[in-house]
Amino acid sequence: MKWKNKPFCNKCNQEFEVPYLWCPNCNNLIFIHPITGPPIEKIELKSMWSLIPFLPKYEQQITLFEGNTPVIPIQNMENLKNLNLKLEFRNPTGSFRDRASALITSDILSKNFSKIISASTGSFGISLAAYSAKGQISSTNILPKQMDLAKIEQIKVYGSEVIQAGKNLDEAISLANELTLSKKSYFPTPNNNLLTIEGQKTIALELILQMKNIESIIVPRGSGTLILSIYRGFQDALASKWISKIPKIFAVSLKKSDGAFLAESLKLENPFLINEVNSILKLTEGEELQIDASEMTKDALDLAKYEGLFIEPASASVISAAKSLIQKEQIDPKTSVAILTGSGLNALNVFASQMRDIKKVVWGISEFSTQRFEILNLVAEKKANHGYAIWGALGKKKSLQSIYQHINNLVEDGLIIDTIPDQKKALYILTNKGQEMLEKMRDLIDLGK
Ligand SMILES: [Zn+2]
């Protein structure tokens, strides 16, 4: 891989070949001088790789034809009419992360690594798994325990090994770090990889090619890397005289921490980027908007019903924000664009729980609920009715002790009952409450099929 302009740390004045986002010596954010590309009329946009003059050069590119996602205006929602939407969920695996994965996996091949270990929450994991498959790189994904089943299963489909460990992303990342050292594999840490920024910046460059005049852009804040990426893309465009001024950047985050599972990607994962993002907002005269998790999910459903676009709840945060910006006349919808980052198909369970009005149990949201469901099913169908048999029927994959723990919980919750409590060995049947619970859970599964 060859850089156009080499990454450097302006604090300790050192250049790097490795795509660090943070300086390994002084922890400063790594910088790349804006790249001057060809005149705008020389670019014919076919995919992200049409923007090669702005990207590092690889001997071998891994691509699934990412980028060149369409921009279309809102037509039927009156309060958002004419607002432009950049459909990033039209990328190969349903998210803007594919732009970063194409560069990261191309880098892995050029460095002759055969194994990749990554830690991420969801979309990035799915994306890296698909691109690893294309490059025939063996991949392992370390995911936090609380994850949407739709995402886990997609990662497995691409042949990636999944390890669920850690309560949150930070714990998963530190485990991935340890494994990487012991197995000598490539560890991309997407949130700490400069190639993530270089790939995602192509969103900004494409927008300039696709829209005549952009005054404002609305972006989910998330870990901050997308905002940094878009700003860097506009900087390249400015250096190439494609634009004369960088558009206003509006960042969207969640109001409360509840419902955070709806929007894992809106959680601030990299506190180091806080200052950077805040200064970008200030420089471009944009601002940060905070919205409600419930409003966001409603807007995602409206977008599907009125515009035919099915996106993740987290991605709909920009729609909620745009509504208030238009209402306050802070933006003109015709010259504004909102980035729709991820597909609704990656968050089916969240929608299932919303549409069926079942708030407590969301199929697949955790391994805990899944195990409970499996045990209830076995008892209901009389396939196993005591601890040891249930353990066997579940393939003895978990410890016997953990199965007993689940059974005890189900008894405490009144979902199953021991029919011979005075004998040493228990025989369980479902209670009416257990039957009701099981039916509710089955309802949710039908949607996933
Ligand atoms: Zn430094």
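I worked from a predicted model, where local features need pLDDT of at least 70, side-chain atom pairs count only at pLDDT 80 or more, and totals for chains, interfaces and linings use all residues. Numbering runs from 1 along each chain as its sequence is written, and side-chain values use heavy atoms, without hydrogens and water.

**Zinc site.** I looked up the donors (N, O and S atoms within 2.8 Å of the metal, or 3.2 Å for Na, K and Ca; water is not among the atoms, so sites may look incomplete). Cys9, Cys12, Cys23 and Cys26 each coordinate the zinc ion through SG, at 2.2 to 2.3 Å. Their spacing in sequence is C-x2-C-x10-C-x2-C. I noted the arrangement as tetrahedral because the 4 donor atoms subtend angles of 101 to 126°; four donors need all angles between 85 and 135 degrees for that. Next I checked accessibility (buried is under 20% relative accessible area, exposed over 50%, partly exposed in between; 1.4 Å probe, protein chains only). Cys23 is buried at 2%. Cys26 is partly exposed at 26%.

**Strand residue.** I then turned to Ile416, in strand β12, residues 416-418 (strands are DSSP runs of E, at least two residues, numbered from the N terminus). Ile416 is buried, with a relative accessible area of 2%. Gly434 lies 18 residues from Ile416 in sequence, yet their C-alpha atoms are 6.1 Å apart. I listed contacts (heavy atoms within 4.5 Å). Leaving out residues up to four places away in sequence, Ile416 touches Leu376, Ile407, Leu410, Val411, Tyr428, Ile429, Leu430 and Thr431.

**Cavity.** I found 2 cavities of 30 Å³ or more (on a 1 Å grid over the protein atoms alone, a cavity is a set of points where a 1.4 Å probe fits but cannot get out; lining residues have an atom within 4 Å of a point). Volume is the space filled by probe spheres set on the points, which are joined across faces, edges and corners.

Terms used. Tetrahedral: all angles 85-135°; square planar, octahedral: opposite > 155°, others 65-115°. 1 Å grid on protein atoms, 1.4 Å probe; cavity = no way out; pocket = protein on both sides within 12 Å on 5 of 7 lines; lining within 4 Å. Helix = DSSP H or I, 4+ residues; strand = E, 2+ residues; numbered from the N terminus.
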